[in-house]
Amino acid sequence: MLENTFLHLPLIGPKTEINLWRQGILTWDELELHLHHWPSNSQNRRLMKSRLQESRENRDQAAYFHEILPPSERWRLYRDFQHSCVFLDIETTGITIYGHEITVIGLYDGQHTHHYINGQNMDEFEDALESYDLLVTFNGSRFDLPFITSFFRNLQLRQAHIDLLHVVRRLGYRGGLKSIEPLFGIARSPEIQEMSGYEAVVLWHQYRQGSTDALQKLLLYNEADVVNLKTIMDTVWERLQRELEFEAGRLLPFNL
């Protein structure tokens, strides 16, 4: 739906975007034609045309739109960049970056989960991340991404980012990932159903003391996190799409 989005353009807020859709102005090209009704010497018209051209030139750059879309609307990037999207979650030895470290990073590309384990293959994480243009996390803005940039001192995160915590709150959900999963029909396996972040720390220490079973359970716990993020992302995207259709008063003829 990226080419149907106008919120990143100057002078256009949510109400104006909806009004344009109601008039049948649904794409960047149609909006540019609509600008012919504006005074030809208008500074706003020149600015709008310039930003539309810039949007076309950066059509395949998720990070460009991440910077200029309102944070509450970055969910719109998902379907357009789903082919280059990864779901990310980390496990750590504590809740702050001070005095603590990352133990496991999980990446799920929609088909396969890849784990990067401290002391084993963590040095492969930075190269693996370069394969993706869009990251999806839950509370990653405050937790996962600051931890990662602190842990990998030379890493420059170039990817666009959707923080599902803010997306689900927009839909009225409150609480952490584990508490809202049942509301999306998600049930974890009995082995990890009652696990918490504290227990993940305990499992890591047990692994460091020689328990390979503890590591396998920790990886299973992390895998549930990243896989379930996709289920939630898919669901909330559909709901927000229908919300926009309702507000526009029509079945929008574009592939949201």
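This is a predicted model: local features need pLDDT of at least 70, side-chain atom pairs count only at pLDDT 80 or more; totals for chains, interfaces and linings use all residues.

Colleague: Which residues other than glycine have a positive phi, L11 for one?

Modeller: L11 has a phi near 75° and is not a glycine. N139 is also a non-glycine residue with a positive phi, of about 65°.

Colleague: Where does L11 sit, and is L11 buried or exposed?

Modeller: L11 belongs to the segment before helix 1, which covers 14-22. L11 counts as exposed because its relative accessible area is 54%, and the cut-off for exposed is over 50%.

Colleague: And where is N139?

Modeller: N139 is in the loop that runs between strand 4 (134-137) and helix 7 (144-151). With a relative accessible area of 24%, N139 is classed as partly exposed.

Colleague: Back to helix 11 for a moment. How does the distance between its end C-alpha atoms compare with the expected span?

Modeller: The two agree: helix 11 has 37 residues and should span 54 Å at 1.5 Å a residue, and its end C-alpha atoms are 54 Å apart.

Colleague: Nice. What's in the largest nonpolar core?

Modeller: That core has 50 residues, and the members touching the most others are F6, L31, F87, L164, I232 and M233. Helix 11 (residues 212-248) gives the largest share, with nine residues. There is also another core lying apart from it, with 18 residues that include I90, Y116, F125 and L135.

Colleague: Let's zoom in on I232. What is I232 in contact with, beyond its sequence neighbours?

Modeller: Leaving out residues within four places in sequence, I232 contacts L164, V168, L177, I180, E181, F184 and I186.

Colleague: Tell me about V168, then. Where is V168, and is V168 buried or exposed?

Modeller: V168 is part of helix 8. Its relative accessibility is 0%, so V168 counts as buried. Residues up to four places away in sequence aside, V168 touches F138, Y173, I180, F184, I232 and V236.

Colleague: How far is V168 from E32?

Modeller: V168 and E32 are separated by 33 Å from C-alpha to C-alpha, and by 136 residues in sequence.

Colleague: Changing topic: what about the largest pocket, how much space is in there?

Modeller: The largest pocket holds about 580 Å³. It is lined by 23 residues, and those closest to its centre are I90, F143, K178, G197 and Y221.

Colleague: Which helices and strands supply at least two residues of that lining?

Modeller: Strand 1 (85-92), helix 8 (164-170), helix 9 (177-180), helix 10 (197-208) and helix 11 each supply at least two.

Colleague: And what does the lining look like by class?

Modeller: The lining of the largest pocket has 10 nonpolar, seven charged and six polar residues.

Colleague: Last bit, the overall picture. How many helices and strands are there?

Modeller: The protein chain contains 11 helices and five strands. Its C-alpha trace spans about 75 × 40 × 30 Å along the principal axes.

Colleague: What share of the chain is buried?

Modeller: Of its 256 residues, 49% count as buried. As for contacts in the chain with a separation of 6 or more, 63% join residues 24 or more positions apart.

Colleague: Great, thanks for the tour!

Key. Residues are numbered from 1 along each chain as its sequence is written. Side-chain values use heavy atoms; hydrogens and water are left out. A nonpolar core is a set of buried Ala, Val, Leu, Ile, Met, Phe, Trp, Tyr and Cys residues joined through side-chain atoms within 4.5 Å. Buried means under 20% relative accessible area, exposed over 50%, partly exposed in between (1.4 Å probe, protein chains only). Helices (H or I, at least four residues) and strands (E, at least two) are DSSP runs, numbered from the N terminus. Contact means heavy atoms within 4.5 Å. On a 1 Å grid over the protein atoms alone, a cavity is a set of points where a 1.4 Å probe fits but cannot get out, and a pocket is an open set with protein on both sides within 12 Å along at least five of seven lines; lining residues have an atom within 4 Å of a point. Grid points are joined across faces, edges and corners, and a volume is the space filled by probe spheres set on the points. Ala, Val, Leu, Ile, Met, Phe, Trp, Tyr, Cys and Pro count as nonpolar, Asp, Glu, Lys and Arg as charged, and the others, Gly among them, as polar. The expected span of a helix is 1.5 Å times one less than its number of residues.
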